[in-house]
Amino acid sequence: MNSELTFCNMPLDRASHLRKNQQWLSDKISADSSCFYFFYQNKLLYLDKSLFSFSKAQYQGEAELLSLIERAEFNLIFLGLEQDKGHFVYDLSALNDDEINRWLAKLFHCLCCNDAKFIDFRHSISMLSQEQAAILGYAKALIHWQQSAVFCGTCGTETQSLDGGHRRQCLNSECQVEQFPRTDPAVIMLVEYQPKHGPALCLLAEHHRISGQVYSTLAGFVDPGESLVEAVHREVLEEVGIETKQITHFGSQPWPFPNSLMLGFFAQATDMEITLEEEELRSAAWFTAEQLQNFGEWGDETDGKKLPRKESISRRLIDTWCAKQLG
Ligand SMILES: [Zn+2]
C-alpha cells in the first residue's frame, strides 16, 4: 500500500558505495548528463511552474549560466543515480536576500525567462510527479541535516562535508568525530472503537499547530528506549487518556518536515472516554466513516471540518479505514 504514498519509492540508486570515492564523485559532478536541483531556505526552484533542473547537456555552451551555477560556496549534495546519470542538489541558503535576488536576476537573463522562482517545498508538492517528490523530499531532509551538523556536537569545532554530503567529520584533529544523516521515528495511529451496537468509530483530533478545523490521527515521536508499540500506547494515553490494544502496523512514510519517518498503525481503543491533553490538541472526537465522507479537503477555504492533506499517511490511514467500513 506504500506504492502511492508521497515521498516513498525514491527512484534513484543511492550508490552509497560509490559516493565514498572522491574521484568518482568529481567525474559525476562534471559529467554533461548529471542534473542539479536548487533549494533555497526550504524553497525549491521552479521555472515556468515546472521543477527546474540544470544539466550541461541541456544547456550546452552556456558559459555564463555554467559559471553562475558552479560556485564553490554553494553546498552540493549527491543524491543518487538514474542509470548512469547523477542527480545532485545545490543548497543556496547561505546567500542573503539581496544575493539570492541578484542570482535569480542573472538566471532570468541566462535563460531568457522571467518566471523562475523559489517556491516553498511543502506548498509545491502537488506541482511534482511522484518520483520528483520522493527525490526532492530526500534532498530536503539531507539539506536540513547538513545545516544542523555544521559544528561538532562533541567539541564545537566546524565539520566538513564528505561522501557527497552523506557524512560530516569534525575538523579538530584531536576529535575527528563523524556525524551521519539522522531520521527521527514518529508513530502515527488511527484509534478505532467498535461499540456493541452500531458502526465502528475512529478518533481524530485538531492539533493547535494546524489551523482551520483539520481533523487528523494522533501522532508523536518515539522516545529513547521505547518500542513502536509502546510508543503508540503511550502517545494515545497521553493525548486522549485512552488505553489501546491490538496495535497493528500499517506502513511507513518518510516526511521531510524536517526529517521524520512516520510509522503508521491501527489501534483498538478499550473505551471511548476522552481526556484531552490541551497543550497539544484543540479538540478530539469520535466519527463514523459516514460522517467523514462529509468532511472538506485540507486547504480549501470553506468553513467546517476537514480531512488532512492527501499526501500524508494520516489521510491514508483514514481513507483505508473508511473504505473498510463502507466496503
Ligand atoms: Zn569535534
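Domain bounds are taken here from an automatic or database domain assignment. For this protein, the assignment gives domain 1 (2–147), domain 2 (149–181) and domain 3 (184–326). The model is predicted, so that local features need pLDDT of at least 70 and side-chain atom pairs count only at pLDDT 80 or more, whereas totals for chains, interfaces and linings use all residues. Residues are numbered from 1 along each chain as its sequence is written, and side-chain values use heavy atoms, with hydrogens and water left out.

The C-alpha centres of domain 1 and domain 3 are 34 Å apart. Their contact (heavy atoms within 4.5 Å) involves 13 residues from domain 1 and 14 residues from domain 3. The two domains bury about 1300 Å² between them, 61% of it on carbon and sulfur atoms; buried area is the accessible area (1.4 Å probe) that two parts lose on being put together, summed over both. On the side of domain 1, Leu5, Phe7 and Arg122 lose the most area to domain 3, together accounting for 43% of what that side buries.

The zinc ion is coordinated by the SG atoms of Cys152, Cys155, Cys170 and Cys175 at 2.3 to 2.4 Å. Donors are N, O and S atoms within 2.8 Å of the metal (3.2 Å for Na, K and Ca); water is not among the atoms, so sites may look incomplete. Along the chain, the donors of the zinc ion follow the spacing C-x2-C-x14-C-x4-C.
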